[in-house]
Amino acid sequence: MHSRRYGPDVLAAGQPRRREPRRVPAQRGLVVEDATGQFCGAVVGCEKDAVTLEDRHGRRRVFPLSPAAFLLEGEAVMLVRPADRGRAPARTASGSIAAPASRAKEARESRIYVEGRHDAELVEKIWGDDLRDVGVVVEYHGGVDDQPPNVADLRPRPVRRLGVLVDHLVAGSKESRIAASVPSPDVLIAGHPYVDVWAAVKPAALGIGAWPAIPPGTPWKEGVLRALGWPPDTRAAWQRILRSVTTFADLEPAFLGRVEELIDFVTTPGSQ
């Protein structure tokens, strides 16, 4: 702790300072890899808080401009927005370049299922414009236990792909066992690690330090409301949470990545 009255912490003297990552302008065409090693692509767009990369297959991902979030020839770097050269294109809430206004598109046969109404509303708020542009419908289809019969009813095939977003998809969970029971090349079940989609919203977006830890056996939402001192009304709480989300930057990367993965899966060339 630093105090103007007492000066710097003497115990910190001599300790090496962490080196700040090199700042690199995110110029169009610059090829980088995300720090996790899961995506490599060229810069195709950059906004104040985000950069869009496109890989060699034409797939795009949007990443926040965070310190040491990228690797450039093996070096951890921080991408920064280049100097302005004219007006930037409009962006959707997901960070994608907004498509020109056009007539409504016919819906694809491919679908994305989500297991909760809150999941559906959050996906609509951030990706709604993008999904309408590519003609993908998101449907609420109950809990993960309902997914095997839902998949059977849809009869997926290459021109009718199905993506399913699942809460709490972690190794050894009930959700992971159910997902493994649906082996089809035309079905992708992807999930985030959170017990509830509420926790996919960054605490900072709500002005709280962290989501409370709720003891096992306690209903999670109700426990959160008590811990935060909010009124015991889950519907009102969700509306408060949803209002706090305005762009993809308000969501956790583990949730963002799964939704983007599902959108890519159901819009791959050859699907309808």
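Modeller: Before we start, helices here are DSSP runs of H or I with at least four residues, strands are runs of E with at least two, and both are numbered from the N terminus. This is a predicted model, in which local features need pLDDT of at least 70 and side-chain atom pairs count only at pLDDT 80 or more, while totals for chains, interfaces and linings use all residues. Residues are numbered from 1 along each chain as its sequence is written, and side-chain values use heavy atoms, with hydrogens and water left out.

Colleague: Fine, so how many helices and strands does the protein have?

Modeller: The protein has 7 helices and 11 strands. Of its 272 residues, 42% count as buried, where buried means under 20% relative accessible area, exposed means over 50% and partly exposed lies in between, using a 1.4 Å probe and protein chains only.

Colleague: And what share of the contacts comes from residues 24 or more positions apart?

Modeller: Taking the contacts with a separation of 6 or more, residues 24 or more positions apart account for 65% of them, and a contact means heavy atoms within 4.5 Å.

Colleague: Let's look at helix packing. At what angle do α1 and α6 pack?

Modeller: Helix α1, residues 117-134, packs with helix α6, residues 234-244, at an angle of about 20 degrees, and their axes are 11 Å apart. The axes are lines fitted to C-alpha atoms, for helices over the stretch in contact, and the angles run from 0 to 180 degrees between N-to-C directions. The two helices α1 and α6 are therefore roughly parallel to each other, a term that covers angles under 35 degrees.

Colleague: Which residues make that contact?

Modeller: From α1 the contact is made by His118, Glu121, Leu122 and Lys125, and from α6 by Trp238, Gln239, Leu242 and Arg243. By class, the residues of the contact of α1 with α6 are 3 nonpolar, 2 polar and 3 charged; Ala, Val, Leu, Ile, Met, Phe, Trp, Tyr, Cys and Pro count as nonpolar, Asp, Glu, Lys and Arg as charged, and the others, Gly among them, as polar.

Colleague: What about α1 and α7, how far apart are their axes?

Modeller: The axes of α1 and α7 are 12 Å apart, and the helices pack at an angle of about 40 degrees. Leu122, Val123, Trp127 and Leu131 of α1 make the contact with Phe255, Leu256, Val259, Glu260 and Ile263 of α7. That contact of α1 with α7 has 8 nonpolar, no polar and 1 charged residues.

Colleague: Changing topic, is His192 buried or exposed?

Modeller: His192 is buried, with a relative accessible area of 0%, and is found in the loop between β11 (187-191) and α4 (203-206). Leaving out residues up to four places away in sequence, the residues that His192 touches include Asp119, His168, Phe255 and Arg258.

Colleague: Which side chain does His192 join in a polar contact?

Modeller: The side chains of His192 and Asp167 are joined by a polar contact of 2.6 Å. Such a contact is a pair of N or O atoms within 3.5 Å; within protein, one must be able to donate a hydrogen and the other to accept it, and residues adjacent in sequence count only if both atoms are side-chain atoms.

Colleague: Last one, where is Asp250 found?

Modeller: Asp250 is found in the loop between α6 and α7 (253-266), and is buried, with a relative accessible area of 15%. The side chain of Asp250 reaches the backbone nitrogen of Thr246 at 2.8 Å.

Conventions: Angles under 35 degrees count as roughly parallel, over 145 as roughly antiparallel, 65 to 115 as roughly perpendicular and the rest as oblique.
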